[in-house]
Amino acid sequence: MGPLRWIAGILLGAWSLLKGMGVTIREFFSRDVTQQYPNERWRVADRFRGRVDLPLDPVSGSHKCTLCMLCVRACPNGSLEIVAGKGTDGRTRVLEKYIYKLGTCTLCELCVEACNFDAIRMNHDYELSTYDRQSLTLVLNEPARSAGPGAAGRP
Ligand code: SF4
Ligand code: SF4
C-alpha cells in the first residue's frame, strides 16, 4: 500500500467518524420520540377512528338514536344490533340495547356516515385489545357493561 492510499484511508476514516458523531450529537439534542407508555399516551388526530360510540347528547342528557336502523343496514358485516323496547306509554319504541360487536368491526365508519342524527361516532379509544373475546361485544347505551354473559364491562 502506497503512502497516498494510506493517508487517504486515514482521512476517510476520520471523515466517517466525524459524520457519525454529527448524527449522534444532532439526535442527542433533538426532541424525544419514545413515549413512556402507559404514563404517556398518544394524542390522536381528530379524524382518528377508534371504535363506534353512542354519546349522550349534552343538551338532553340522553342518546340521540331514533331507532331508524340505517346504521344496522349500512354495516357490511352485521356488527350492529339494536334491541327496541316499549316506552312507558306502551306504544312508543325506545332504545333498549345498542349492541356493538367490536370483534368483527372493521372501523370502516359506514354506520356513522349513514346516521342522519349524529347519534353515533368513532371515538378515540385505541387501547382495544383484550384476552376475553366476550368483552368485545358492547352495549353502547350501557357503557358500564358488555353484552357478553358474565363478561366484565369495558369503559
Ligand atoms: S342510524 Fe343513527 S339514529 Fe338510526 S338507529 Fe343508527 S344510531 Fe340510531
Ligand atoms: S365501523 Fe363499519 S364495520 Fe364497524 S360497526 Fe360501523 S359499519 Fe360496521
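Student: How many nonpolar, polar and charged residues does the shell around ligand 1 have?

Tutor: A note on the model before the count: this is a predicted model, in which local features need pLDDT of at least 70 and side-chain atom pairs count only at pLDDT 80 or more, while totals for chains, interfaces and linings use all residues. Residues are numbered from 1 along each chain as its sequence is written, and chains are lettered from A and ligands numbered from 1 in the order in which they are written. For the classes, Ala, Val, Leu, Ile, Met, Phe, Trp, Tyr, Cys and Pro count as nonpolar, Asp, Glu, Lys and Arg as charged, and the others, Gly among them, as polar. The shell around ligand 1 has 12 nonpolar residues, one polar and no charged ones.

Student: Which residues come nearest to ligand 1?

Tutor: A residue is near a molecule if its C-beta atom, placed from the backbone, lies within 6 Å of it. Of the 13 residues around ligand 1, Cys65, Cys68, Cys71, Cys115 and Ala119 come nearest.

Student: And which come nearest to ligand 2?

Tutor: There the nearest of 13 are Cys75, Ser79, Cys105, Cys108 and Cys111. By class, the shell around ligand 2 divides into nine nonpolar, three polar and one charged.

Student: What is the strand order in the open sheet?

Tutor: Strands of a sheet pair through backbone hydrogen bonds, either parallel or antiparallel. Strands here are DSSP runs (E, at least two residues), numbered from the N terminus, and two strands pair if DSSP finds at least two bridges between them. The order is β2-β3-β5, with antiparallel pairing. β2 (80-86) and β5 (137-139) each have a single partner strand, so one side of each is left without a neighbour in the sheet.

Student: How many bridges join β2 and β3?

Tutor: Seven, with β3 covering residues 93-101. Glu81 has Ile99 in β3 as its bridge partner, and Gly85 has Val94. The two strands form a hairpin with six residues between them, and Gly90 in the turn has a positive phi of about 80°.

Conventions
Helix = DSSP H or I, 4+ residues; strand = E, 2+ residues; numbered from the N terminus.
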